[in-house]
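The exercises below are meant to be worked through with the sequence and the 3D structure open side by side. Try each task before reading the solution that follows.

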Protein chains: 2
Amino acid sequence: MTTTPLKINAKRFHHMVDTMKTFGALPQGGITRRALSEEDRAGRAWLSGFARSQGLHVWTDPAANLHFSLDDRPACESQAVIMTGSHIDSVPEGGYLDGTYGVLAGIEALLSIRDAGITLSRPLEVVAFTDEEGRFGGMLGSQALTGLLDCEAARSFEDDQGVRLADVAPGFDIDMNRLADCARDMSKIAGYAELHIEQGPRLLEEQAEIGVVTGICGLYKLRIQFRGEASHAGTTPMHLRKDALTGMTRLHTRLPALIGAAPEVPAVATIGFVAVEPGAANVIPDCVTFTLDLRHLDLDALRQNRVAIETLVQTIARENRLEAQCDILSHFEPLPCNPDIQDAVAASASNRGIAAIRMPSGAAHDALNFRATGNVGMIFVPSEGGLSHNTKEFTKPEHLEQGVAVLADTLLAMANGASS
Amino acid sequence: MTTTPLKINAKRFHHMVDTMKTFGALPQGGITRRALSEEDRAGRAWLSGFARSQGLHVWTDPAANLHFSLDDRPACESQAVIMTGSHIDSVPEGGYLDGTYGVLAGIEALLSIRDAGITLSRPLEVVAFTDEEGRFGGMLGSQALTGLLDCEAARSFEDDQGVRLADVAPGFDIDMNRLADCARDMSKIAGYAELHIEQGPRLLEEQAEIGVVTGICGLYKLRIQFRGEASHAGTTPMHLRKDALTGMTRLHTRLPALIGAAPEVPAVATIGFVAVEPGAANVIPDCVTFTLDLRHLDLDALRQNRVAIETLVQTIARENRLEAQCDILSHFEPLPCNPDIQDAVAASASNRGIAAIRMPSGAAHDALNFRATGNVGMIFVPSEGGLSHNTKEFTKPEHLEQGVAVLADTLLAMANGASS
């Protein structure tokens, strides 16, 4: 770590932020810039042009991931590189920072390092990954680049309007027959660091401005169904009911204790989707189906919580004369962040006099796909109101600038340091 | 009470049941015979013709209520009558007995009494009320007959397909300008008794075959809404959430204790409709809206329970940093059944060696509108499996026959006895 901190060009950085937020801008604020839309195309075109105008090499791969580097493509692909990135697509009615911030900050970090005349031992590469938000499945680009994409399955990916990825792909120079060629030699990605807005309330709640991410929480997405018997709300005494809603409500009230929830425990459980059938005011529900999103930073604890929930579901079913089923819809394991990267982030914040805390990432990010490098890190900056996936998403300019600086320091440490 | 029980004509009664269940019959069993549909028209036509063929007087009023009596219309409308009745319309995919049973049993009771050569001190009148099930609002016919219908509001009644009552009315000789003329002089309705399937599990659960109804439970239909804050299921620690679903689940788990639920307490509470927004697996709900159907046989207890729920809703909101609102969508007061009618029903069952229990009606029926007579009674027969509003609705033929006999005895006691 340098004790004379690297200086970033805040004006250049904000110019990128302010321009990018016009592509897909909504009247009420925020953006809708879904992956592979015309808004996405416009954003890609402007950003590529701007980066080239600043002297960066810019290229795309067969998944339309946009790459930026001070070095050319062959240099990046033949040596061990340090990578950073995120995405410039948004959810519908999303914010201007989610994803885009990490890409623009990466570009500014590269330019600042170049401007400072610093020599790098390893190339730095910034990637704007295609479709992180899941118009066509989610994390498409970072999965393709890390060799984790099911390229055959991708042929049938559709968005929620029934538009096929394969049909829009040619217009973005995505080659469905060459998606597998995106996969990089993971032994030559020496490390990956991603800067992102927190998308939660913790930094502001704890009066910190940089989050040193300790790891990305693992997840189980469960689909749980309780089945009882529909009957008349007036004529069925309480003790003779088989009320399917009872299953869900008993489970929900016990969830915080069950998962060991506490401010210092990186465990959360959420019931976000609920369908109650038949859904009439005077009919006792016979079927309640819901999702349970379960996360934890520790793999064993995550699994134990899943088993505890499955057990409780069956206990509640027995106690209330219901039937129950519990299915795993999706799962990924936690990814601990590399301690050296955590220390580099913390040292940068400390050198710059920025209050930092260590915290997990509850949300998944493109970073998750870089598990095989064994050298992943993440940095958070505050989200005002904890809001994200929301047109009101906002982070103060000075917080954004601090994040860029810490990212630049971290990438420098990774590129020139001993780690990995 | 006679000690030589009146004999009903089971063959004639079952002929009516078996024929009526063909109008709107569904392949899977049960019927769809919505009020003022072609199926309803066919059922009305057959039943009118059959009743006339058996020597009954049959007429309609401006609400298309179908009246049957041994006496002619002027005799019924000029003297104090004893009335029985129910409805022949059904819910979509409903059963063949709900409502229809009470009408056919009333007709059979009249014919049996006539066949036995018994003289009546007061006329007996059977009414098949129009639209009890609520294609156009519910209890339309019985409200019109008892003067409780808002005749102006009825002009804009629509079904769930947007069909207006005013448009179908002429085809059924309903005169929208003369609906108010249906209203009978309530001082000349000396009593009202209604026979119905239980639509619940209690009779079979308690091994009884006749329910002596002690009263019709009063109801509050509440609409409750908890509002919190939508945020990311992964990034928002449990202790920082404003999860609107928590409001509903905390309330639901405490409901049975709150209303003093116990097998011997005529109190029920049901959450049957639930909407969770935004409804995504990875988003903490910011708004949960649901209905709460609250019933009790005792008016004071019903009101106390409503207040207790409203108070608990606000307490839960405060405890969980939510906002809450509670609205009354509908309300009716409990209607205690006349003790003399209860005793007449019990005596009939006892004379006939039929096991009977006293029990409330949790469901509302046309009987509710006869409160002003001060002389209302109801009789229940078992529903197999407690099922109703269901194509599988079924009652054993012998149970149906027992109900007809007890209704006939009860009407006789009301017409010739001292009560009212």
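**Exercise 1: a covered strand and its partners**

In this predicted model, both faces of E12(B) are covered, with B:Cys287, B:Thr289, B:Thr291, B:Asp293 and B:Arg295 buried on one side and B:Val288, B:Phe290, B:Leu292, B:Leu294 and B:His296 buried on the other. Determine how many residues of strand E12 (residues 287-296) of chain B are buried, and then find which residue is the bridge partner of B:Tyr220.

*Solution.* Start with burial, for which the cut-off is under 20% relative accessible area; by this criterion 10 of the 10 residues of strand E12 of chain B are buried.

Next, turn to the pairing. Strand E7 (residues 218-227) of chain B runs antiparallel to E12(B) and is joined to E12(B) by 10 bridges, and within this pair B:Tyr220 has B:Leu294 as its bridge partner.

Then look at two further strands of chain B. Strand E9 (residues 267-270) is antiparallel to E12(B) and linked to it by four bridges, with B:Thr270 standing opposite B:Asp293. Strand E10 (residues 274-277) is likewise joined to E12(B) by four bridges in the antiparallel sense, and here B:Val274 has B:Phe290 as its bridge partner.

**Exercise 2: the relation between the chains**

**Exercise 3: enclosed space**

Find how many cavities of 30 Å³ or more the whole structure holds, and describe the lining of the largest cavity by residue class.

*Solution.* A search of the whole structure gives three such cavities, and the largest cavity holds about 180 Å³ of space. This largest cavity is lined by 19 residues, of which A:Arg202, A:Val268, A:Pro360, B:Gly234 and B:Pro237 are the closest to its centre. Sorting the lining by class then gives 12 nonpolar, five polar and two charged residues.

For comparison, the second largest cavity has a volume of about 40 Å³, and its lining comprises five nonpolar, one polar and four charged residues, among them B:Asp40, B:Arg44 and B:Phe129.

Methods:
Residues numbered from 1 in each chain as written. Chains lettered and ligands numbered in written order. Predicted model: local features only at pLDDT ≥ 70, side-chain atom pairs only at ≥ 80, totals over all residues. Heavy atoms only, no water. Buried < 20%, exposed > 50% of the residue type's maximum accessible area, 1.4 Å probe, protein only. Helix = DSSP H or I, 4+ residues; strand = E, 2+ residues; numbered from the N terminus. Pairing = 2+ DSSP bridges. 1 Å grid on protein atoms, 1.4 Å probe; cavity = no way out; pocket = protein on both sides within 12 Å on 5 of 7 lines; lining within 4 Å. Points joined across faces, edges and corners; volume = space filled by probe spheres on them. Nonpolar A, V, L, I, M, F, W, Y, C, P; charged D, E, K, R; others polar.
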